Amino acid sequence: MTPKIICLAALTAMMVTACTGESSERSLGPACRDGLAAGNQELKDAKARGLSGAVGWTKAASLLAAAKLQQQFEEYQNCVVKVREARGYIREL
């Protein structure tokens, strides 16, 4: 194979991989959005019940804020991870 063909094959493979990764990242968008809504509601409910755990509230609120920022930058995988962590702290309250 000539160097030109090898280069063209490599570029094609990279483009296909990049496109595939982008679509899978976008598919996490609804999970990010729904998780943020659920996490914020759970945190609000926990505060309304007067459950102790200011440290847990602070950690959960910080993670939800960071997840919201990740959502705005379309970093949905990171958003979903932060939402899961936040909801874990809320369940511990």
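1. The torsion about the S-S bond of C32 and C79 is about 80°, so this disulfide is right-handed. The sulfur atoms of C32 and C79 lie 1.9 Å apart; a disulfide is here a pair of cysteine sulfur atoms within 2.5 Å. The structure holds 1 disulfide. C32 belongs to helix α2 and C79 to helix α4, so the pair ties together parts that are 47 residues apart in sequence. Helices are DSSP runs of H or I with at least four residues, and they are numbered from the N terminus. C32 and C79 are both buried, where buried means under 20% relative accessible area, exposed over 50%, and partly exposed in between (1.4 Å probe, protein chains only).

2. The model is predicted: local features need pLDDT of at least 70 and side-chain atom pairs count only at pLDDT 80 or more, whereas totals for chains, interfaces and linings use all residues. Residues are numbered from 1 along each chain as its sequence is written, and side-chain values use heavy atoms, with hydrogens and water left out.

3. On confidence, the mean pLDDT of the chain is 80, and 73% of its residues reach 70 or more; pLDDT is the predictor's confidence in each residue, from 0 to 100. A contact requires heavy atoms within 4.5 Å. Where pLDDT is low, predicted coordinates should not be read in detail.

4. Which residues of the largest nonpolar core touch the most other members? They are C32, L36, L64, C79 and V83, out of 13 residues in this core. A nonpolar core is a set of buried Ala, Val, Leu, Ile, Met, Phe, Trp, Tyr and Cys residues joined through side-chain atoms within 4.5 Å. Two or more residues each come from α2 (29–48), α3 (54–72) and α4 (76–92), and α4 gives the most, with 6 residues. Leaving aside neighbours within four places in sequence, V83 is in contact with C32, G35, L36, L64 and A67.

5. The geometry of α3 agrees with expectation: at 1.5 Å a residue, its 19 residues should span 27 Å, and its end C-alpha atoms are 27 Å apart. The expected span is 1.5 Å times one less than the number of residues. The buried residues of α3 are G56, A60, L63, L64, A67, Q70 and Q71. They cover an arc of only 115° around the axis, which puts them on the same side of α3; the arc is that of the directions from the helix axis to the C-beta atoms. A54, V55 and Q72 are exposed on the other side of α3. The cover over the buried residues of α3 includes α2 and α4.

6. Within helix α3, L63 counts as buried at 15% relative accessibility. Not counting residues up to four places away in sequence, L63 touches K82, E85, A86 and Y89. L63 and C79 are 16 residues apart in sequence and 9.0 Å apart in space, C-alpha to C-alpha.

7. E74 has a phi near 60°, a positive value in a residue other than glycine. This residue sits in the loop between α3 and α4. E74 is partly exposed, with a relative accessible area of 39%.
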